[in-house]
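These are my notebook entries on a single chain, kept in the order in which I looked things up. I put the structure first and the entries after it.

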Amino acid sequence: MAKMKENNKDKKEIEQIKEDLLNQLLEQGKFGKHFESLVEDYIHLEKLKRDIQKDIEENGLRIKVMTGNGFKSEKPNESIQNILKVNGQQLKILQDLELKMSSQTPKEGEGDDLL
């Protein structure tokens with residue numbers, strides 16, 4: 001799978017995620033290169049996950065391939081399994097750091113409040 005270009009929306013979201021995770025670490029009194037490295041690993045996985053999601057959007061759940069005999073065939077898109085593995089690793093990092101995705105609660109009028 002070729003590296004896909006990050007768009008500005010993704011860059012902003014990824015930077016917000018990184019900032020949020022680092023802020024949570026500071027709130028817990030956790031700082032140092034080890035923790036920063038784990039956050040960087042999480043961010044790398046986030047970028048990878050977004051690339052995998054784009055691959056699935058573009059190519060679907062199944063992809064067409066040429067067999068060794070020259071016949072066309074379909075096989076499952078490997079990105080489906082890969083995204084599950086990446087997501088699992090991200091969750092493990094969050095668990096190891098005792099973090100959650102967002103420490104900020106939505107402000108009034110934001111979020112998915114059901115009234």
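**Entry 1: Met66**

I began with Met66, which is exposed, with a relative accessible area of 55%; I use exposed for over 50% relative accessible area, buried for under 20% and partly exposed for what lies in between, with a 1.4 Å probe and protein chains only. Met66 sits in strand 1, residues 62-66, and, leaving out residues up to four places away in sequence, it touches Phe71 and Lys72, where contact means heavy atoms within 4.5 Å.

**Entry 2: ground rules**

I noted that this is a predicted model, in which local features need pLDDT of at least 70 and side-chain atom pairs count only at pLDDT 80 or more, while totals for chains, interfaces and linings use all residues. Residues are numbered from 1 along each chain as its sequence is written, and side-chain values use heavy atoms, with hydrogens and water left out.

**Entry 3: the chain as a whole**

I found three helices and two strands in the protein chain, in the order α-α-β-β-α along the sequence; helices (H or I, at least four residues) and strands (E, at least two) are DSSP runs, numbered from the N terminus. Of the 115 residues, 27% count as buried. Among contacts with a separation of 6 or more, 67% are between residues 24 or more positions apart.

**Entry 4: helix 2 and what follows it**

After helix 2 comes Gly60, with a positive phi near 80°.

**Entry 5: how the helices pack**

The axes are lines fitted to C-alpha atoms, for helices over the stretch in contact, and angles run from 0 to 180 degrees between N-to-C directions.

How do helix 1 and helix 2 cross? Their axes come within 10 Å and cross at roughly 150°, and the two helices are therefore roughly antiparallel to each other, given that angles over 145 degrees count as roughly antiparallel, under 35 as roughly parallel, 65 to 115 as roughly perpendicular and the rest as oblique. The crossing of helix 1 and helix 2 is right-handed, whereas that of helix 2 and helix 3 is left-handed; a crossing is left-handed if the near helix is turned anticlockwise from the far one by less than a right angle, and right-handed if clockwise.

**Entry 6: the nonpolar core**

Which residues have the most contacts inside the largest nonpolar core? I found Leu21, Val39, Tyr42, Ile43, Ile93, Leu97 and Leu99, in a core of 17 residues; such a core is a set of buried Ala, Val, Leu, Ile, Met, Phe, Trp, Tyr and Cys residues joined through side-chain atoms within 4.5 Å. Helix 1 (8-27), helix 2 and helix 3 (78-97) each supply at least two residues of this core, and helix 2 gives the most, with seven. Beyond four places in sequence, Leu99 touches Leu21, Gln24, Leu25, Gln28 and Leu94.

**Entry 7: single residues**

In helix 2 I looked at Lys49, which at 16% relative accessibility counts as buried and touches Ile83, Val86 and Gln90, residues up to four places away not being counted.

Ile56 also belongs to helix 2 and is buried, with a relative accessible area of 19%. The C-alpha atoms of Ile56 and Ile83 are separated by 9.4 Å, although these residues are 27 apart along the chain. With residues up to four places away left out, Ile56 touches Leu61, Asn77, Ser79, Ile80 and Ile83.

Asn77, in the loop between strand 2 (72-76) and helix 3, is buried at a relative accessible area of 6%.

Last, I turned to Glu98 in the segment after helix 3, where phi is positive, about 55°, although Glu98 is not a glycine. Buried or exposed, I asked of Glu98? At 57% relative accessibility, Glu98 counts as exposed.
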